[in-house]
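This report describes the architecture of a two-chain model. Please keep the sequence and the structure in view while reading.

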Amino acid sequence: MADPFTTLGVAPAFSLDLTQLAQRHRDLSRTLHPDRHAAAPPGERRRALGHAIEVNAAWRTLRDPITRAEALLERLGVPRDERGGPKASPELLMAVMEQREALAEARASGDVERIDALAGAVRQREQETLARLTEAFSRAEGGELDAPRLLSLLGELRFVRRFLDEVGAALDDLS
Amino acid sequence: MLLDIFDPKAPPKAVGIDLGTTHSSVAVMRDGRPVALTTCDGTPLLPSVVHYGAHGTVQVGRTAKAYAEREPARTIASAKRFVGRGAKDEQTALLGSYRFAEGADERVVRFDVGREAPVTPVEVSAEILKSLRQSAIDQLGTLGGAVITVPAYFDDAQRQATKDAAKLAGLEVLRLLNEPTAAALAYGLERQNSGVFAVYDLGGGTFDITILLLEDGIFQVKSTGGDSALGGDDMDRALAERLLRAMGLEDPAARTPELIALALGAAREAKHRLSLAEQVTVSVPRRGGGEAELTLGRQDFEAMIRPLLERTGRACKRALRDAGLSAEQLDGVILVGGSTRAPSVQRYVQELFGREPLVELDPDLVVAYGAAAQADLLARASDEVLLLDVLPLSLGVETMGGGVDRVLPRNTTIPAGARSTFTTYADHQTGFELHVVQGERELASDCRSLARFTLRGIPPMPAGMARLEVSFDVNESGLLTVRARETTTGLEQQIEVQPSYGLTDEQVEDMLLDALDHGEEDLERRRLADARVEGARMVLATEKALAADADLLSDEERRGVEQALAGLRAAAAQATRPGVVQAAIDVLDQRTHAWAGRRMDRAIAGAIAGKQLGDVEGSVAHAAGVEAHLEAHQRGRN
């Protein structure tokens, strides 16, 4: 797939202004969406559809910090096989396990407030991880690539995401 | 009375059609405003009921509805509930007065309407669309295609079936449009608003909730959710169940289609009366003679439908969460669908969102209005408004263990595409089966099965050597296309598609030929009309492109394009065979090919240029642009 930064015409960086990114996505959609080419000859319609799919995919990739980090690692030449799978410190694994148990308990007893509190704590952790990733990626841009650190931070982010997904599922059950 | 002056040279008007569970309607833009056309019933709303008479007659609308209690098996209402569903589907088994034909093919529901051949929900829907098409032609002279609405939560099989019905009815489908998006378009154009809106759409048989952002002429859906098997019909069924018991018919075996139809009719009437009165009395015949009288209060009814409303509430909460929003952040809640007329439904929505919902536009017609607006925009190749919709349900592929490998998650902006790579698991394996499913559940068997694809002709290789690249493309109507390629040899694979539900292309083609009096001849005439309309539209679009981007053509290319354009103009006006128009389209297509690429590159550069995005320190946020949009939006208002 084409590089999402190139597709959306933005400078590659982990820290992006999402308001501007969404605006860019909409500006491009305005010209590329198939509805804009509905009356055009078939070749143009196919081309527009292909472009629109690519722009939507790029936007999907860049608005999510996990896939955005993966796209940056791709650009930095970190091999794909090393990027997969969560890599987290034993300390994080312990913390996650405890939070999982707490979530399962809250879910079983239908304690929505407790679930919200757990989610809040994890979101706080997410913000910290994002800040560290921003810093590590800007060092990498400056030539100081520390791939193991980036991968471990990305692993943390994946754990956080999975936990928040479970929170969503728990709230789905209880609502 | 003002007469519409029919201008034979004016381009044919495109219409918007709301094909609803209980009612359908067709609308067109006139002087910049949507107007509902009169249906064969003389009203804008046509009951979605089709009656198959004993002597081969087919009636649609009010006249068909009149037969509902007398000849229930021959009178199909709510066909939309069965569209794109299988004979063994849970929905098919719900309380109803139909007789189903026993058949080997479980992929399609077939109604036994007392004729030699049973009819499918696609054919029933086609009768309704045919009637609306005729009404439109009677009032507009010619017809330039249609936008047809579907519930946002319709899956691929249901969308495909709707498109098939339109094809059978002789309609050129410009696009399928999600009902809540259509409603938002109608409201947005009406009120010139911007902000984040929720569209709560409770129809006769389907429920949709859509959260969307309106800004700068773009209607961007953030999330959608719902239940394609929940609506006013379920309220009727809950009430009818109580009536059937009062009639002494606890035992399902004692219930004939006639008695069920009677109970459903009485239930529907009681529901409508309860919108105005606090209490109503219903009288129904008792088994073994006499009458049973039942007094129903609004509170009884509310208690009865509360579980249904709570199901809508759960879907609303999830949609808000998917959009990353809370109810307080909304700028408005729009009500759509006849069932939202019930005071108890309105009260529930108000409770749920903490604000009074918007009801200015007729909830029964607002969807057709929006569809008409979109049809008009497409036919005029206008760039005033853009609708960005999403995939309602995740798409995935069944894995070896019966799980689901998700290729596109729900709420992905469409058009969308994804590629997955698979490999062979046995030596010299030459075939490969792919099971595509849609839904959120973890097991493939709990999701909706869309299709099985069998790939053949893989060159014999050791296990794990072949690389099968499968691409999934969802277009702007939410319709899926799957393609496969073996990448080590570059061979395109033959794909056999076995849709899990619905009709195959050949079956639709056969039905189409059967439906026409003179088969091939009529079909040819219909294709000619469609090709001419399409050709005329293409002429218009190419003229617009020439006005804007002629500088991207060399003199020679420009002569070529103009020649092809003149050829197509002549063919669209005079051709007597569809092939002639098609040939002219092909020539124009080929001569505009390279130019189209340059124009698109220019457009992309234009969208990107001058607004270089810089990285802003500390602005990393988790969610999609919604919060960011909201902030910008709120800043703008303060």
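## A three-stranded sheet in chain B

In what order do the three strands of the open sheet that contains β5, β6 and β7 of chain B lie? The order is β6-β5-β7, with antiparallel pairing; strands pair if DSSP finds at least two bridges between them. Because β6 (58-60) and β7 (75-77) of chain B each have a single partner strand, they form the edges, and one side of each has no neighbour in the sheet. Ignoring direction, neighbouring strands of this sheet are turned by 15 degrees against each other on average.

Three bridges link β5 (residues 49-52) of chain B to β7(B) in the antiparallel sense, and B:His51 has B:Thr75 as its bridge partner in β7(B). Helix α2 (residues 121-140) of chain B lies across β5, β6 and β7 of chain B, at about 65 degrees to β6(B). Axes are lines fitted to C-alpha atoms, for helices over the stretch in contact, and angles run from 0 to 180 degrees between N-to-C directions.

## Basis of the model

This is a predicted model, in which local features need pLDDT of at least 70 and side-chain atom pairs count only at pLDDT 80 or more, while totals for chains, interfaces and linings use all residues. Residues are numbered from 1 along each chain as its sequence is written, and chains are lettered from A and ligands numbered from 1 in the order in which they are written. Helices (H or I, at least four residues) and strands (E, at least two) are DSSP runs, numbered from the N terminus.

Strand β12 (residues 218-227) of chain B runs parallel to β16(B), joined by three bridges, and B:Ile218 stands opposite B:Leu386.

Elsewhere in chain B, β22 (residues 468-474) and β23 (residues 480-486) run antiparallel, joined by seven bridges. B:Glu469 is paired with B:Arg485 in β23(B). Five residues lie between the strands of this hairpin, where B:Gly478 takes a positive phi near 85 degrees.

## A buried loop residue

B:Met247 lies in the loop between α5 (232-246) and α6 (257-274) of chain B. With 23 C-beta neighbours inside 10 Å, B:Met247 counts as buried (20 or more other C-beta atoms within 10 Å; exposed, 12 or fewer; partly exposed in between; C-beta atoms placed from the backbone). Beyond four places in sequence, its contacts include B:Ala263, B:Val284 and B:Pro285, a contact being C-beta atoms, placed from the backbone, within 7 Å.

## The interface between the chains

Between the chains, 47 residues of chain A are in contact with 50 residues of chain B. On the chain A side, α2 (18-32), α3 (42-63), α7 (112-141) and α8 (147-174) each give two or more residues. The largest share, 13 residues, comes from α3(A).

Notes
Two residues are in contact if their C-beta atoms, placed from the backbone, lie within 7 Å.
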